[in-house]
Every structure is written in structure tokens, then in C-alpha cells.
Amino acid sequence: KEYTDFIDTFGRDDYLVVAVKADNVFDVKFLSRLENLHADLEENVSYLDSIQSLINAKKMRGNEEQLYSEPYYKALPKNQDELLSLKDEITKDRKNFNLLVSESLEYAIILLKAQPSLNRVSEEDVFNELDSKDESLSSEDDREYTSQKNAVFNSSIVNILDKHRADQFEISYAGQPRTAYEYFKSVTTYMPLFAIATSISI
């Protein structure tokens, strides 16, 4: 239920939410695996605009003259004292707590944002592209809505998540880009069969 509530809140619009389940997020081994997953996503997801997680989270600092941000840590915590220090900082930071870490400390969240050209691909856009005779749809153009690119964005994520899934490292993902991707797959899979059935009945 906690994960579902989080998706209802943050799994909308441009973001795809990846949730990694742990017995305790603030564990050296878990954070190391999370770092590897973060790096793989950052380097290999097609059409990725930005990525946020505990790995690159920043804290705000300031004085009377200026406000600035800095990473929570420059290297992964290596002992219990460093873990407790990180946990204390994160749980006191209302900006990142419940955004990148669930309140129960059982989920670490990775937020993936697609490039602007993929934002808000709708069901109508999918049909428009399927009906179009313009072969340039699969090229590197600047169309506002491109469900083919969204499919590449999602499939590259799925491949990476599958590679990192393991015992005590359960991964789920959701969000508007995935919804559009699943709809696109469904339409492209069943539309040809529907067309054949229609032609036979006629």
C-alpha cells in the first residue's frame, strides 16, 4: 500500500518511478547495489533527461548571503557510523525524505524523467502515429509526441531493471511513460489482428 500511495502521488506526468525494496535502505550492500543500478540507468537509458535517487541527492545549505546545494556524500558510507549519519540527514530533510526514501525505509526511489519530446504521450497520439503515412516518424525528429521513442525509453529501462533484479533487491516501476508504453504495445500487437478479422468478416 505504501508503494501504491507513492505512485499515486509521484508517478504521474513526465516521471517514471523505480522503487527498489530493501529490508533497510541504509545498508552498505544495498546502497552499493543501488549505486550500480543508478549508474547503469544514467549511462544506458535512451532519451533520458534526468535521474534522481539517493545516489545523487543533494542537501541545501546556506547563510545570510547565499544558498547552495551539495551532495549528501562524496563516497558511499563504509561503516555503521557513516550510515547512521546519512540516515539522520535524509530523514530530517523533508524535501528528499518520502521522495527518494519511503517513510518505512523499505523502499529506495529512483525518479527518471524522459526528454521533453516524450512528455505526455497520449492514447490519441498513438493512434495518430499508427495512422500516419509519414515514414519520418521513426527518425530523430523534434516531434512533441513520439510514442516510438517512448517505447525505446521504456524498453531500455526494462532491460536494465531485469539485469539488476535479484534476491533482496526487488524492483518495480510505474508512471505515465510506462502507461503510454504498455498501451502502445497493446495497440501495435492487436491492431493487425483486428484488421485481418475485419477484412475476413467483410
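1. Let me start with a residue in a loop. N98 sits in the loop that links α3 (80–92) to β5 (107–114). Please keep in mind throughout that this is a predicted model. The phi angle of N98 is positive, at about 75°, although N98 is not a glycine. With a relative accessibility of 26%, N98 counts as partly exposed, because that class covers values between 20% and 50%.

2. The loop between α3 and β5 also holds L105. L105 is not a glycine either, and its phi is positive, near 65°. Is L105 buried or exposed? Its relative accessibility is 13%, so L105 counts as buried; the cut-off for buried is under 20%.

3. You will find S53 in the loop between β2 (48–52) and β3 (58–62). Its relative accessibility is 1%, so this serine counts as buried. Leaving aside residues up to four places away in sequence, S53 touches H38, L100, I109 and I110.

4. Now for the overall layout. The protein has six helices and six strands. Read from the N terminus, the elements follow the order α-β-α-β-β-β-α-β-α-α-β-α. The protein has 202 residues, and 41% of them are buried. Among contacts with a separation of 6 or more, 70% are between residues 24 or more positions apart.

5. Next, the sheet. Four strands form an open sheet in the order β2-β5-β1-β6, and their pairing is antiparallel. The edges are taken by β2 and β6 (170–175), each with a single partner strand, so one side of each has no neighbour in the sheet. From one strand to the next, the twist averages 20°.

6. Strand β1 (residues 15–21) runs antiparallel to β6, and six bridges join the two. Which residue in β6 is the bridge partner of K21? That partner is E170.

7. Helix α2 lies across β1, β2, β5 and β6, and runs at about 10° to β5. Helix α5 also packs on the sheet and touches β1, β2, β5 and β6. The direction of α5 makes about 165° with that of β6.

8. How do those two helices meet? The axes of α2 (residues 28–44) and α5 (residues 147–164) come within 10 Å and cross at roughly 155°. Angles over 145 degrees count as roughly antiparallel, and α2 and α5 are therefore roughly antiparallel to each other. Their crossing is right-handed.

9. Finally, the residues at that helix contact. From α2, N36, L37, D40, L41 and N44 take part, and from α5 they meet S156, I157, I160, L161, K163 and H164. Sorted by class, the contact of α2 with α5 has five nonpolar, four polar and two charged residues.

Definitions and conventions:
Residues numbered from 1 in each chain as written. Predicted model: local features only at pLDDT ≥ 70, side-chain atom pairs only at ≥ 80, totals over all residues. Heavy atoms only, no water. Axes fitted to C-alpha atoms, helices over the stretch in contact; angles between N-to-C directions. Parallel < 35°, antiparallel > 145°, perpendicular 65-115°, else oblique. Left-handed = near helix turned anticlockwise from the far one by under 90°. Contact = heavy atoms within 4.5 Å. Nonpolar A, V, L, I, M, F, W, Y, C, P; charged D, E, K, R; others polar. Buried < 20%, exposed > 50% of the residue type's maximum accessible area, 1.4 Å probe, protein only. Pairing = 2+ DSSP bridges.
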